[in-house]
Amino acid sequence: MAKSIHTEVYRDLIDHLADARRSAGLTQQAVADRLGKPQSYVAKAEGYERRLDIVEFFLMAGAVGVEPMPLIEATWRTISEA
């Protein structure tokens, strides 16, 4: 089994989070500032270089201002239908 970071479903989840950030008019730096992290943390997560665990995902979703559960539920549907 491939590491989740290399799967299409993981990339789709992160892409939705990145799209939400851009839709909110936030830069990676702005999100990083809200998280107390360097900008590279957000860049590496969005670039699939760094895997977010579930807590990090929730924190980033909060920093972006998006409700995380619809994204999680959509991901679960994709996985369970495969």
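Student: Let's start with the rings. How many aromatic pairs does the structure hold?

Tutor: Keep in mind that this is a predicted model. The structure holds one aromatic pair.

Student: Okay. What sits over the ring of Y41?

Tutor: That would be K37: its charged end lies over the Y41 ring, 5.0 Å from the ring's centre.

Student: Let's talk about the inside. How many residues does the largest nonpolar core have?

Tutor: It has 20 residues. L17, V31, V42, L52 and M60 are the ones with the most contacts inside it.

Student: Which helices supply at least two residues of this core?

Tutor: Helix 1 (8-23), helix 2 (28-35), helix 3 (39-46) and helix 4 (54-64) each do.

Student: You mentioned L52. What is it in contact with, leaving aside neighbours within four places in sequence?

Tutor: L52 is then in contact with Y10, I14, L17, Y41, A45, F57 and M60.

Student: Now helix 2. Which of its residues are buried?

Tutor: Q28, V31 and A32 are the buried ones in helix 2. They sit on the same side of helix 2, because they cover an arc of only 100° around the axis.

Student: And what covers those buried residues of helix 2?

Tutor: The cover includes helix 1, helix 3 and helix 4.

Student: Which exposed residues are on the face turned away from the buried side?

Tutor: On that face of helix 2 you'll find D33 and R34, both exposed.

Student: How far apart are A43 and I54 in space?

Tutor: Going from C-alpha to C-alpha, A43 and I54 are 17 Å apart, while in sequence they are 11 residues apart.

Student: What follows helix 3?

Tutor: Y48 does, and its phi is positive, near 65°. Y48 is found in the loop between helix 3 and helix 4.

Student: New topic: charges. How many salt bridges does the structure hold?

Tutor: There are three salt bridges. In one of them, the side chains of D19 and R22 meet, with 2.6 Å from N to O.

Student: Where do D19 and R22 lie?

Tutor: Both are in helix 1, three residues apart, which is about one turn of the helix.

Student: What does E46 form a salt bridge with?

Tutor: With R21, and their closest N and O atoms are 2.7 Å apart. E46 lies in helix 3 and R21 in helix 1, so this pair ties together parts that are 25 residues apart in sequence.

Student: Are E46 and R21 buried or exposed?

Tutor: Both E46 and R21 are buried.

Student: And which residue forms a salt bridge with E56?

Tutor: R50 does, with the closest N and O atoms 2.8 Å apart. Here R50 is partly exposed at 27% relative accessible area, whereas E56 counts as buried at 16%.

Student: Last one! Where does T75 lie, and what does it touch?

Tutor: T75 lies in helix 5, which covers residues 68-81. T75 is buried, with a relative accessible area of 16%. Not counting residues up to four places away in sequence, T75 touches V9 and L13.

Notes. Residues numbered from 1 in each chain as written. Predicted model: local features only at pLDDT ≥ 70, side-chain atom pairs only at ≥ 80, totals over all residues. Heavy atoms only, no water. Core = buried A, V, L, I, M, F, W, Y, C linked by side-chain atoms within 4.5 Å. Buried < 20%, exposed > 50% of the residue type's maximum accessible area, 1.4 Å probe, protein only. Helix = DSSP H or I, 4+ residues; strand = E, 2+ residues; numbered from the N terminus. Contact = heavy atoms within 4.5 Å. Phe/Tyr/Trp six-rings, centres within 6.5 Å; stacked < 30°, edge-to-face > 60°. Lys NZ or Arg CZ within 6 Å of the ring centre and 35° of its normal. Arc of directions from axis to C-beta. Salt bridge = Lys/Arg side-chain N within 4 Å of Asp/Glu carboxyl O.
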